[in-house]
Amino acid sequence: MLHRLSLVTGVDAGMFSQLLLLGGSLRRYSPGLVLHVCDFGLTEAQRAYVRRRYVLLNKPADIRARHPWDYKANLGRYVAAVLADAFVWIDADMIVLNDIQAPLQALFQEMRADGHLVAAADSGVTIGEHQAMEPAPSYAILVSGFDPSAPYLNSGFFLCGSRGFLDVWAAQTAIMNLEKLFEQNAFNLTILGSRRQVRILDRFRWNLVANELPSAHIEISPDHVAVTGPAGPVLILHATSTHRSRDLIEQAIAIEVNGRPVTTTVRMIRNPPALLSFQHELTVEAIRSEGAALVECGVWL
């Protein structure tokens with residue numbers, strides 16, 4: 001029996017163009033998955049496009065956000081009316097490299113068998129090591145009572161079968177000071193409060209960030225990329241890095257849509273160059289498929 005897993009991301013007006021790359025990768029590799037998009041502050045034209053192409057989840061009117069991450073941490077509010085057994089969050093700056101539908105089903109089945117409510121990938125460092133790397137004074141006080149050797153998790157991708165977890169995460173985020181990574185720190189605090197219910201995922205399989213790509217094997221052909229980590233094929237790349245200026249690029253893409261020139265910018269992984277070319281071509285493919293709708297909805301005037 002297939003479980004009802006809802007794939008969810010979120011963007012504001014400034015991050016809207018990331019849907020071109022994420023959506024293009026899903027269209028190519030996981031066409032059976034429907035993407036739900038949380039409105040973190042879209043324009044009306046962008047909302048019109050999302051309604052046409054994906055499932056728009058409207059922004060709750062009473063959320064007082066200091067930062068887009070406050071919206072993300074209120075995921076439970078966005079999906080309140082969505083019928084699902086579990087929710088799969090995927091950051092908009094991620095890229096799917098394989099069909100993730102069957103692996104997600106298998107993962108959720110394993111979680112249910114083992115009594116896990118949440119699954120997220122480790123970041124390669126512990127809670128204590130992360131504090132030294134990314135100091136956040138008020139978070140340091142809140143986390144001081146927990147085991148510093150526990151893995152620090154990345155909230156860019158996670159599978160959650162508990163609406164209660166989402167509620168606690170939202171409440172924890174609301175009381176965090178506006179520090180670097182405050183939403184992800186709140187996610188880890190929530191995780192630490194129920195560690196036995198959490199499944200730690202292999203980051204090389206589910207959430208491979210740009211600065212760790214050199215540890216993977218990459219094979220790129222004109223229309224496909226295969227990335228292999230220590231545990232096998234990588235399912236999802238994440239265009240983030242601890243060394244952003246070295247590893248990431250805001251890639252401008254100029255293309256003609258319906259006879260008019262259009263330029264948009266998408267965050268991509270810079271190296272190796274063949275991977276950057278692959279991301280560029282995947283985005284161009286998405287624009288050619290979606291360009292007319294984007295123009296008709298008024299996103300590109």
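The model is predicted, so local features need a pLDDT of at least 70 and side-chain atom pairs count only at pLDDT 80 or more, while totals for chains, interfaces and linings use all residues. Residues are numbered from 1 along each chain as its sequence is written, and side-chain values use heavy atoms, with hydrogens and water left out.

Let's start with the cysteines. A disulfide is a covalent bond between the sulfur atoms of two cysteines. Here it is counted as a pair of cysteine sulfur atoms within 2.5 Å, and the structure turns out to hold zero of them. C38 is in no disulfide, and the nearest cysteine sulfur, that of C160, is 13 Å away. C38 is buried, with a relative accessible area of 0%. C160 is buried too, at 1%. Buried here means under 20% relative accessible area, exposed means over 50%, and partly exposed is in between, using a 1.4 Å probe and protein chains only.

Next come the aromatic rings. Rings of Phe, Tyr and Trp (its six-membered ring) pair if their centres lie within 6.5 Å; planes under 30 degrees apart count as stacked, over 60 as edge-to-face and the rest as tilted. A search of the whole structure gives 11 aromatic pairs. One of them is the stacked pair of F40 and W89, with 6.3 Å centre to centre and 15° between the planes. This pair ties together distant parts of the chain, 49 residues apart: F40 is in the loop between β2 (35–39) and α2 (44–53), and W89 is in strand β4 (residues 86–90). The element names follow DSSP runs, numbered from the N terminus, with helices (H or I) of at least four residues and strands (E) of at least two. Both F40 and W89 are buried. The rings of F157 and W206 are stacked as well, because their centres are 5.2 Å apart and their planes meet at 15°. That pair also links distant parts of the chain, with F157 in strand β7 (residues 151–160) and W206 in helix α10 (residues 203–206), 49 residues apart. F157 and W206 are both buried.

Ring pairs join F40, Y71, Y78 and W89 into a cluster. Elsewhere, the charged end of R66 sits over the ring of F182, 4.8 Å from its centre. For that label, NZ of Lys or CZ of Arg has to be within 6 Å of the ring centre and within 35 degrees of the ring normal.

On a 1 Å grid over the protein atoms alone, a cavity is a set of points where a 1.4 Å probe fits but cannot get out, and a pocket is an open set with protein on both sides within 12 Å along at least five of seven lines; lining residues have an atom within 4 Å of a point. Grid points are joined across faces, edges and corners, and a volume is the space filled by probe spheres set on the points. The count comes to one cavity of 30 Å³ or more. The largest cavity has a volume of about 50 Å³, and its lining includes F16, L19, Y49 and E290. Helix α1 (18–29) gives the largest share of that lining, five residues.

The largest pocket holds about 1,000 Å³ of space. Its lining has 40 residues, of which L181, Q184, H238, T240 and R244 lie nearest its centre. The second largest pocket holds about 180 Å³, with H3, H36 and Q101 among the residues that line it. Two or more lining residues come from each of β1 (5–11) and α5 (101–114).

Finally, a few backbone spots stand apart. The peptide bond from N271 to P272 is cis, with omega near -5°, and P272 lies in the loop between β15 (260–269) and α12. L181 has a positive phi, near 60°, in a residue other than glycine. L181 is in the loop between α8 (163–174) and α9, and counts as buried at 18% relative accessibility. N258 also is not a glycine, yet has a positive phi of about 55°. N258 sits in the loop between β14 (248–257) and β15, and counts as exposed at 54% relative accessibility.
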